[in-house]
Amino acid sequence: MARLGRHSLLLIAWLCVTQYPSLLNAQCPQTWLSGPEQGLPGVNASVYAATTWDPDGNGPQPALLVVGGDFTLAGETLASRIAAWDGTAWQPLAGGVTGRVNALAVYNGELIAAGEFGTAGGQTAYRIARWDGAAWHPLGVEIYINGYVNALAVYNDELVAGGAFTMVGALPANRIARWNGATWQALGSGMNNDVRALTVHGQELVAGGWFTTAGGQAVGYIARWDGAGWQTLGSGMNSRVFALGAYNGELIAGGFFTVAGGQAANRIARWDGAAWQPLGSGMSDYVLAVGAYGGELVAAGFFTTAGGQPALCIARWDGAVWRPLGSGMNNDVNALTSYEGGLIAGGGAAKNVARWNGAAWQPLGTGLAGSIYALTVLDEQLIAGGVFTHAGAQSAVRIARWDGLNWQPLGSGMDNTVLALTVYNGEVIAGGYFNTAGGLPVNRIARWDGVAWQSLGSGVNGWVFALAVYNGELIAGGWFSAAGGQPAHHIARWNGAIWQPLGDGTDNEVRALAVLDGTLIVGGLFTAAGGQPASRVAAWDGNAWQPLGDGLYGAVHTLVVHGGQLVAGGNFYLPAGSYVARWDGAAWSALGGGMDSPVYALTVYDADLIAGGYFLIAGGQSAYFIARWNGATWQPLGDGLNAPVNALTVFRNELVVGGDFNLAGGSVSAHWARWGLDCAVGDVDCSGGVDFDDISPFVLALSDPAGYAAAYPNCDPLNGDCNGDGVVDFDDIDPFVNCLMNGGCL
């Protein structure tokens, strides 16, 4: 192909602005859009096991962190119960396994996974399987293990598995068995109850769990195998052992016990070779994992204090006292390991896996670490609020902003959930459950001035669920009885200096606000407004409250104006359709049969009404948690989402959805998703959108593919393949112009 010159670039630009006016209204296909930082900073459900594995031993490939649990997503990929982290991104291990992974180990250079599954990589593998770097294999041919496997260890060049089973194939094996690479064998007569933990200490294998006998003798929840038979470790414990490890050459046991070797030892103890000893005053509740990091012992589980000091679910022992690791976790920690100089904790917190770098906890991956409950837009930036604690690759506590490429925090965020957002006087306003914003006492409502969080007077004495701007004033609705120190029943207005009530307010919660034809519309759980009957919805004209007909019979959670009419969504019922209704100025009516479950968010996009919530059916057809109303019928948005929607807005000509979901259209999109125009590719300069800056690189890709690859090494060589035929050529010019004139196609 002859090289295109500057005149070709000018020709394409001229075509865009003069010869294709019809393209200004052309519509590319609408779909769920992928993009940066839409994955998970971790995995989507609990982690129960973690280890490191080097696929090629001493070869050039880096070691991997491998985690197992009951999750199905990791980072930006589908990963069934097991996934690997390479330091940058998560990757699945083929098709993974079909049930929970409880334990991981490395044996003969291969990764071993065990737990509650029946297949691995699509083939039969009862409770245990090996991964050779390319495929999953069973350990033995058609070997059925009749109970869960909870723990793995390598002892005397054999793989040892402990759990709840009593048979391995035709072999009696009471809760513990060993694999020599070819066959399974029992370890004596085994235990009388579940094995939950295994480790090697010195020349012996140590097992802990729920059992009270091993090899036929009383052992007190812990026992050692010396290669020939089971032996006691003193008198053992008075309750279950869940974790085993080593520190300073001594055996460490953690669990639910409060006595070890006859003396007090709260949930953790050390075996010095002759007797059990406590580690300080121990923990307030059970220990599930032990490990070592930075020369210190680390213990984790589901406790709130260690050594009498606050320590949420994880703590470190320096040989004398217990100390917390940062602010700890908000849920149980089940697994500990080390990777690339950091401590890895897996469990039910921090998107279920996190890294401690010696000073702070960090996520593994980018994205939002928790649900979104509110969305708004300010100065070409998307603002999200909710329960998340990380956004992108950094801390962003319950509120963050998206500039089109990256998530950024807004100061140090809030101390509790953000439920409502709006823009007032050029500033972001946030409301919710929080008491502080940026460390400043604010009482459930605050404003971001672009640099720091500020209070709005003394705030309110309850919760804020809804925000709006009406007649130049900020309106806050929720569950409170005072604003700025004076009575204000569930709704109040802020004029920039002081809070004032709106008449007598309502008799119960306000959940939604909207403005219709110069009137403020309020929805919620109330049955009266301004002292007169008003069932869940009412109007404020600036002076007095009025009902809207007979109102609605059930909670109103969201309001929007569509086509000049008010639309309400919530948990209410109408004879012709439930959960969504419109007000025509005289009466309420259902929209096309409504939904099968509540609606929690409404907005308008591309002239259509968009509804999100807990529903699976809209207008009688499948619509998973989100649907659009075109004025006549309800329609799904592609394959929808996999969990409820809490918030909706429009940003840069795209519909933005926030909620509890992790999938949009079948692809990973954690807690936020984008729906909009898709013009094949079109973003030729990899800027995150399609605009006139793409013309020059498009011409380069068209005329000199090698030159394009050199100039844009991080871009896909087929980014200019706008018609999707697998090659960048002259046939791509028309669809490229189409994309360009619609703007924002990805």
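I take buried to mean under 20% relative accessible area. The model I am reading is predicted.

**Helix α2**

I started with helix α2, residues 695-703. Seven of its nine residues are buried, so I note the helix as mostly covered. The buried ones are Ile-695, Pro-697, Phe-698, Val-699, Ala-701, Leu-702 and Ser-703.

**Leu-520**

Next I looked up Leu-520, which sits in strand β62, residues 519-524. Its relative accessible area is 0%, so I log Leu-520 as buried. I then listed its contacts, leaving out residues up to four places away in sequence. Leu-520 touches Tyr-470, Ile-475, Ile-491, Leu-502, Leu-513, Ala-514, Val-515, Ala-538, Ala-539 and Trp-540. I also checked Leu-520 against Val-259, 261 residues apart along the chain. Their C-alpha atoms are separated by 64 Å.

**An open sheet**

I traced a sheet of four strands in the order β43-β44-β47-β48. The sheet is open, and its pairing is antiparallel. Which strands stand at the edges? They are β43 (372-378) and β48 (407-409). Each has a single partner strand, so one side of each is left without a neighbour in the sheet. From one strand to the next, the twist averages 30 degrees.

I looked inside the sheet at β44 (residues 381-386) and β47 (residues 399-402). Four bridges join these antiparallel strands. Ile-383 stands opposite Arg-401 in β47.

Strand β26 covers residues 241-247, and six of its seven residues are buried. Six bridges join β26 to β27 (residues 250-255), and the two run antiparallel. Tyr-247 has Glu-250 in β27 as its bridge partner. Two residues lie between the strands of this hairpin. Asn-248 takes a positive phi near 55 degrees there.

**Positive phi in loops**

I checked Asn-108 too. It is not a glycine, yet its phi is positive, about 55 degrees. Asn-108 lies in the loop between β8 (101-107) and β9 (110-115). Its relative accessibility is 64%, so I count Asn-108 as exposed.

Glu-340 also has a positive phi, near 50 degrees. I found Glu-340 in the loop between β38 (333-339) and β39 (342-347). Is Glu-340 buried or exposed? At 53% relative accessibility, Glu-340 counts as exposed.

**Salt bridges**

My search of the whole structure found 14 salt bridges. I followed up several.

Arg-100 pairs with Glu-116, with the closest N and O atoms 3.4 Å apart. Arg-100 is in the loop between β7 (90-92) and β8, while Glu-116 is in the loop between β9 and β10 (119-120). The two are 16 residues apart, and the pair links distant parts of the chain. Arg-100 is partly exposed at 27% relative accessibility. Glu-116 is partly exposed at 24%.

Glu-158 and Arg-178 meet at 2.9 Å, N to O. Glu-158 belongs to strand β15 (residues 158-163) and Arg-178 to strand β18 (residues 176-179), 20 residues apart. At 14% relative accessibility Glu-158 counts as buried, whereas Arg-178 is partly exposed at 23%.

Glu-654 and Arg-674 form a salt bridge at 2.8 Å, N to O. Glu-654 lies in β78 (residues 654-659) and Arg-674 in β81 (residues 672-677), so the pair ties together parts 20 residues apart in sequence. Both Glu-654 and Arg-674 are buried.

Last, I noted a network of salt bridges that links Asp-606, Asp-608 and Arg-628.

Note on methods. Residues numbered from 1 in each chain as written. Predicted model: local features only at pLDDT ≥ 70, side-chain atom pairs only at ≥ 80, totals over all residues. Heavy atoms only, no water. Pairing = 2+ DSSP bridges. Axes fitted to C-alpha atoms, helices over the stretch in contact; angles between N-to-C directions. Buried < 20%, exposed > 50% of the residue type's maximum accessible area, 1.4 Å probe, protein only. Contact = heavy atoms within 4.5 Å. Salt bridge = Lys/Arg side-chain N within 4 Å of Asp/Glu carboxyl O.
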